[in-house]
Amino acid sequence: MEPSPKSKSNMSEPKRKFQPSLVERAGVRTFEFINRFVPWFKLPGLIGAFNLAFLRISLRNYNLHDGYVDPSAQGRYGDALEDERFLNARNSDGKYNSLELPLMGCAGMRFGRNFPPRELPEADRGGALDPEPPGHQREVHGAKAQWLHPGHDAQPAGRGLDSDEENFHIPLPEGDKWSGKTMQLPKTKPDATLDPSDKKCPGYKNPNTSWWDGSQIYGSTEEITKSLRTKLPDGKLTLNQNGTGAFIPRDQDGNPLTGFHNNWWVGMEMLHTLFALEHNALCDMLRQSYPNWTGDQIFDKARLVNCALMAKIHTVEWTPAILAHPALEIGMNANWWGIVGENLTKLVGRISKTSEIISGIPGSGVDHDGVPYSLTEEFVSVYRMHSLIPDDIAFFDAKQGKHQTTTPIGDLAFQGAQKPLDDGLSFGDLFYTFGINYPGAITNNNYPDFLRDFTDPDGIHRDMGTVDLLRDRERGVPRYCEFRRLLRLSVPTTFEELTGKQNPTLAQELSAAYGGDVTQVDALVGSHSEPVIPGFGFSETAFRVFILMASRRLKSDRFIAGQWDAATYTPEGFRWVQHSTMKDVLVRHFPELAPTLGRSKNAFAPWAQMEESRKYKGKETNAPPAK
Ligand code: HEM
């Protein structure tokens, strides 16, 4: 069966301006009024969820800005499609996801912005950290969020850091014990100046695609994708079998052969392998139903289904686990299923043809809210969650739950990512381990030591705590107070207001570090210092960018908001997406996890521990005592 592509002649010109309806505008105003007295997170769950939906409308209105002054940089309406195959399949570089503006979201395009470029600070290409921010000493080990983000390396890293470009030379303060003399760091390469405004605030290109298209696994060019596939007409990704399991193959230098591996560590090894296995399981299923299909046909459908499944898992499982609040749980479920809910949608499909509130974003129709889609600099900034990485991981076996060994994270990165597997543990053991280990809390004074004195395989020596701040300044991401003002959040006027009354010591530390000027606090430092909403794993400041961008990634995608049908996905593939959870994926490939996962609610929340595991008293699997 071949799906019937959306005819190009049916395409309308992309909407150029965000136009909220009358009802939407009224809703925005009503909740703005209510929020003067009660914030959204103090409202009852369902009302809070509606509050968030209207908040998002206002964010769409004010906080989406193209990285290009001239939208024709994104291609032109009606540009000829190079290959008809990509009407119904994802192109690895993301081209023609939008048939209207074919280069939108594609690899090599600029990041956009959440704030109007005219309001942004001048990009600080000087690189002196003035004022020098507080060091990220690791003192607190706590955790709210469990487990790491499944698509971490979908993050837009690795952008054009060119060794021939100028370097930053970051002086170290007197008495600094860092293991280098000065820190040298390649500057991010700005895109060519296309408009005078690019001088003040340059555009930066994303070498990967901005779409939710699994490019971390499949690569961001068709050439790479091809190299990752088997030579057989089976549509599968190459995995090596060694008798005990399937493994991501390595090149001659020991680098994993996968879409994106710049920041490789054992967590990436696990998730890339899991979703490569899922892809191959989909190929087997499709081959059974469509025995005459070519390898490309099988591959294309399997990739579509796998990507949609990752997007769904991220939306309805990961996000409510890290932002555990009833309004969020309702809101994120509604993003996918609509307020009519999962059961009815699974039974009868969409009830409303176009309403994302009633029947969810998938299939509700593509809408870029008047601004061509891309990830944004601010989204990158709020995704800097390096504090999630713990110092050590305590490994357990998945069958008896017995503690095996505890390993520093530095031994598990890059070439060390397969170490636990080489030492005899299975992937099932690793997933159980991650299910019961706590990640680091996304807060101040909690940066992993390993990343504070870190040398990557290219020999670049970094204190990532410093790099995180420097990159924001370099790329014109506003400081914390300005960041909040541009999100229409309250702006602290003192350090005590920023940290909340319960944390006067932190307020003093910040004041000393920033010379008493609260407006100078970096966005990331402020975000890590503000009081957190109960149940949340990160700050409300970061959350505002998330709630906008998380739904935009779905709403702009032709294969999710647009061609969301059995014709595009196949009936079997469509069912696979809608009926699989992260637990199903894990158990499909590692059946030994079934008993434990059967007792755990959400694969991203702490898993039920086996009796044997509870005997381990290390901080890795035991929440710190309440203060
Ligand atoms: C062992 C684990 C990790 C390592 C070794 C690592 C390493 C790095 C490195 C070397 C960079 C580039 C620094 C530069 O700009 O010079 C980076 C950037 C970044 N990382 Fe990580 N990281 C890790 C985990 C994480 C996690 C868990 C997250 C979030 C969930 C994360 C989010 C980011 C983001 C958002 C950027 C900025 C990307 C950009 O500038 O485009 N990283 N990381």
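Analyst: First, a term: a residue is buried if its relative accessible area is under 20%, exposed if over 50%, and partly exposed in between, using a 1.4 Å probe and protein chains only. Keep in mind that this is a predicted model, where local features need pLDDT of at least 70 and side-chain atom pairs count only at pLDDT 80 or more, while totals for chains, interfaces and linings use all residues. Residue numbers start from 1 along each chain as its sequence is written, and side-chain values rest on heavy atoms, with hydrogens and water left out.

Take a salt bridge as a side-chain nitrogen of Lys or Arg within 4 Å of a carboxyl oxygen of Asp or Glu, and the count is 31. Lys95 and Asp93 make one of them, with 3.9 Å between the closest N and O atoms. Lys95 is buried at 19% relative accessible area, and Asp93 is buried too, at 18%.

Next up is Glu222 with Arg303, at 3.5 Å from N to O. This pair ties together distant parts of the chain, 81 residues apart: Glu222 belongs to helix α5 (residues 222–228) and Arg303 to helix α7 (residues 295–322). (Helices are DSSP runs of H or I, at least four residues; strands are runs of E, at least two; numbering goes from the N terminus.) Glu222 is partly exposed at 28%, whereas Arg303 is buried at 2%.

Arg384 and Asp472 also pair up, their closest N and O atoms 3.6 Å apart. Arg384 is buried at 12% relative accessibility, and Asp472 is buried at 7%.

The loop between α11 (377–382) and β5 (392–396) also holds His386. His386 (NE2) is the single protein donor to the ligand's iron atom, at 2.1 Å; donors are N, O and S atoms within 2.8 Å of the metal (3.2 Å for Na, K and Ca), and with water not among the atoms, sites may look incomplete.

Beyond pairs, there's a salt-bridge network that links Arg56, Arg60, Glu356, Asp369 and Lys555.

Back on α7, the helix of Arg303, contact (heavy atoms within 4.5 Å) brings Leu309, Ile313 and Glu317 to Met582, Lys583 and Val585 of α24.
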